[in-house]
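Open the model in a viewer and keep the selection panel at hand. The stops below say what to select next and what is there.

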Amino acid sequence: MSEMAFKITFAILWFIYILIRVQFDKKYKQVEKIKAVNSTTERLLIFLLLVGLILIPLFWSFTPFMDSFNIGLPIWLRLLGVAISILSLFYFWWIHKTLGANWSPTLEIRKGHELIKIGPYKRIRHPMYTQIWLWAIAQTLIISNLIAGFSGIATWAILYFIRIPKEEKMMVENFGNEYIKYMKQTGRLLPKIIRL
Ligand code: SAH
């Protein structure tokens, strides 16, 4: 597969990702917001993520200007990145469908907010973040570029580590013991290994 083919595949993958997101983006806006946590910091971090995970990589994809930073990863590793991305897109759709109107891009509690514990949320508390980690790692493999490949992982790691304690605190404040119990049954990004 040539460099150009990877660039095109990468842009198509993002196109599908955005198509999935746009469908679910309409839903949550229809439900009244009750609480928002640090939304200015949240918005700033999301803006950083937008630049690091989407804009810089798409700049690599649509122009030749960053090619001098290509690191020449083996083709099989880049194809593995494509395979992980495709699988993670199905996962992404399933997560969004299950979370429904309870999803929001920043930390928010909405009217009638339900604690979802089924489907992808049965054993993992933050499947969407698992998906973004997979997506960011896969992107690094596909792009094989020092700057555009790693800007996504770096900006996502910042957002993830700042957000996780705040999100879990917000959920405990809102759902109390139900969330505490749910935390004991689940892992953050991977299923908890249950010891008998
Ligand atoms: N952290 C989750 C959801 C990300 S979207 C995941 O990775 O899958 C962020 C919003 O989802 C937060 O504002 C929070 O209100 C909501 N949320 C997180 N976990 C939830 C759950 N189990 N049920 C319902 N809403 C949830």
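Is D67 buried, partly exposed or exposed? D67 counts as partly exposed, at 27% relative accessibility. Here buried means under 20% relative accessible area, exposed means over 50%, and partly exposed lies in between, with a 1.4 Å probe and protein chains only.

Before going on, some ground rules. This is a predicted model, in which local features need pLDDT of at least 70 and side-chain atom pairs count only at pLDDT 80 or more, while totals for chains, interfaces and linings use all residues. Residues are numbered from 1 along each chain as its sequence is written, and side-chain values use heavy atoms, with hydrogens and water left out.

**Stop 1**

K7 lies in helix α1 and D67 in the loop between α2 and α3, so the pair ties together parts that are 60 residues apart in sequence. Helices are DSSP runs of H or I with at least four residues, numbered from the N terminus. A salt bridge is a side-chain nitrogen of Lys or Arg within 4 Å of a carboxyl oxygen of Asp or Glu. Side chains of opposite charge can pair when their charged atoms come close. K7 is counted as buried, at 5% relative accessibility.

Select R78 and E3 next. Their closest N and O atoms are 2.9 Å apart, in a salt bridge. R78 belongs to helix α3 (residues 75-99) and E3 to helix α1, so this pair ties together parts 75 residues apart in sequence. R78 counts as buried at 5% relative accessibility, and E3 as partly exposed at 27%.

Then take K29 and D25, whose side chains meet in a salt bridge (2.9 Å, N to O). Being four residues apart in helix α1, they are separated by about one helical turn. K29 is exposed, with a relative accessible area of 55%; D25 is partly exposed, at 21%.

For a network, select K33, E108 and R110, which are linked by salt bridges. A search of the whole structure finds 12 salt bridges.

**Stop 2: a surface patch**

Select M4, I8, I12, F15, I16 and L19 and show the surface. These residues make a nonpolar surface patch of about 600 Å². Patches are made of residues with over 30% relative accessible area and no salt bridge; like charges are joined within 9 Å and nonpolar side chains (Val, Leu, Ile, Met, Phe, Trp, Tyr) within 5 Å. The accessible areas come from the Shrake-Rupley method with a 1.4 Å probe, and for residues only the protein chains shown count as cover. I8 lies in helix α1 and counts as partly exposed, at 47% relative accessibility.

**Stop 3: the largest pocket**

Centre the view on R21, W103, S104, P105 and M128. Of the 39 residues that line the largest pocket, these lie nearest its centre. The elements giving two or more residues to this lining are α1, α2 (39-62), α4, α5 (146-175) and α6 (177-185). About 870 Å³ of space lies in the pocket. On a 1 Å grid over the protein atoms alone, a pocket is an open set of points with protein on both sides within 12 Å along at least five of seven lines, a cavity is a set where a 1.4 Å probe fits but cannot get out, and lining residues have an atom within 4 Å of a point. Grid points are joined across faces, edges and corners, and a volume is the space filled by probe spheres set on the points.

The pocket lining divides into 27 nonpolar, five polar and seven charged residues. Ala, Val, Leu, Ile, Met, Phe, Trp, Tyr, Cys and Pro count as nonpolar, Asp, Glu, Lys and Arg as charged, and the others, Gly among them, as polar.

**Stop 4: the cavity**

How many cavities of 30 Å³ or more are there? The count comes to one. Select F10, L13, W14, S85, W135, A138, Q139 and I142, which line the largest cavity. α4 gives the most to this lining, with four residues.

**Stop 5**

Finish at S144, in the loop between α4 and α5. Its phi is near 50 degrees, a positive value in a residue other than glycine. S144 counts as buried, at 1% relative accessibility.
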